[in-house]
Amino acid sequence: MALRNELDDEGRPQGAAAYGCLEALLSPDDDLIALLSEDAAPVRRLRIWPLVLVQLAIMTGMFVIVGLFLGVRADVSTADPLPQLILREALLCLAAMLLYASAIREAYPGLWTPVPLGLGIGVVALLPGLAALSMLLWDRDPANAAEALAEFRDFWRCARSASVLALPGILAHMWWLRNHGAVTSPQRAAFSTGLAGGTAALLAFGISCPSTHWLYAGVTYPLVMAAVALVTRLVLARWLRW
């Protein structure tokens, strides 16, 4: 305190310049706030409907591509689908909506909850459950079991087709998350996006998939979904880092 009151070479109390600067910074609150916010722009409200419309357009395009290049099942072409196909497609549709809801929530910091992701995975888990049930009840006959096992010859066609079909939807969602969202967990967001995209792709591929047994859908579909989600997480998660 004594030093502060002593005069410097110019006749001013020592420390006056420093205290003057501090006072200038602390006293004019409105001026300081205006200075800090001079170049700031209001945060735009995050809109999800453009993304939803884009994903619906991609989904429609996937069905068209499957119909034109892969062909549709005989029961679909005659507008008389088997009950197994109807239930399978309904489960995939429900799972895709829940998983995409989870992937959209990744854009909102602090609003993510595990409920949509958990429900979506739970719906997907019904497929292997139905596969096990079918082998215990409906396909216990050796001839039916052999027919169900023979369907796995189509595994790689299913895996390739679903992977290619899933790519546009995954890239569109990842672009939206990167440019409009505030992702706090890039790996989880990429995994959720890949899982949703793989499920939607299998939904479209389902009208071409010739399988009529739950064993094929219960094993092949979850494996393909998991593979697409894992690759998305490994390859694209870094794209979401700030």
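Please keep in mind throughout that the structure before you is a predicted model.

How many salt bridges are there? The count comes to three. In one of them, the side chain of R188 meets that of E106, with nitrogen and oxygen 2.8 Å apart. This pair joins distant parts of the chain, the two residues being 82 residues apart: R188 belongs to helix α10, residues 186-205, while E106 sits in the loop between α6 (83-105) and α7 (115-136).

Another salt bridge brings together the side chains of R73 and D75, at 3.0 Å from N to O. Here R73 has a relative accessibility of 5% and so counts as buried. D75, at 13%, is likewise under the 20% limit and therefore also counts as buried.

R157 and D154 form a salt bridge as well, their closest N and O atoms lying 3.3 Å apart. R157 is partly exposed, with a relative accessible area of 25%. D154 is buried, since its relative accessible area is 16%.

Where is E151 found? The residue is in the loop between α8 (142-150) and α9 (155-180). E151 is buried and yet has no salt bridge. What is the nearest side chain of opposite charge? That side chain is R88, 6.9 Å away. A salt bridge requires the nitrogen and the carboxyl oxygen to be within 4 Å, so R88 does not qualify as a partner for E151.

Next, the cysteines. The structure holds zero disulfides. C158 is accordingly in no disulfide, and the nearest cysteine sulfur, that of C209, is 5.8 Å away. Is C158 buried or exposed? C158 is buried, as its relative accessible area is 0%. C93, by contrast, counts as partly exposed because its relative accessibility is 31%.

The place of T220 is in helix α11, residues 214-236. With a relative accessible area of 0%, T220 is classed as buried. Apart from neighbours within four places in sequence, T220 is in contact with F152, F155 and C158.

Finally, the surface. Which residues make the nonpolar surface patch of about 510 Å²? They are V64, I65, L68, F69 and L70. Among them, I65 lies in helix α4, which covers residues 49-70. I65 has a relative accessibility of 42% and so counts as partly exposed.

To summarise, there are three salt bridges, one of which links R188 with E106 across distant parts of the chain. E151 is buried without a salt bridge, and the structure holds zero disulfides. The nonpolar patch that includes I65 covers about 510 Å². Thank you for your attention.

Definitions and conventions:
Residues are numbered from 1 along each chain as its sequence is written. This is a predicted model: local features need pLDDT of at least 70, side-chain atom pairs count only at pLDDT 80 or more; totals for chains, interfaces and linings use all residues. Side-chain values use heavy atoms; hydrogens and water are left out. Helices (H or I, at least four residues) and strands (E, at least two) are DSSP runs, numbered from the N terminus. Buried means under 20% relative accessible area, exposed over 50%, partly exposed in between (1.4 Å probe, protein chains only). Lys and Arg count as positive and Asp and Glu as negative; His and the chain ends are not counted. Patches are made of residues with over 30% relative accessible area and no salt bridge: like charges are joined within 9 Å, nonpolar side chains (Val, Leu, Ile, Met, Phe, Trp, Tyr) within 5 Å. Accessible areas come from the Shrake-Rupley method with a 1.4 Å probe; for residues, only the protein chains shown count as cover. Contact means heavy atoms within 4.5 Å. A disulfide is a pair of cysteine sulfur atoms within 2.5 Å.
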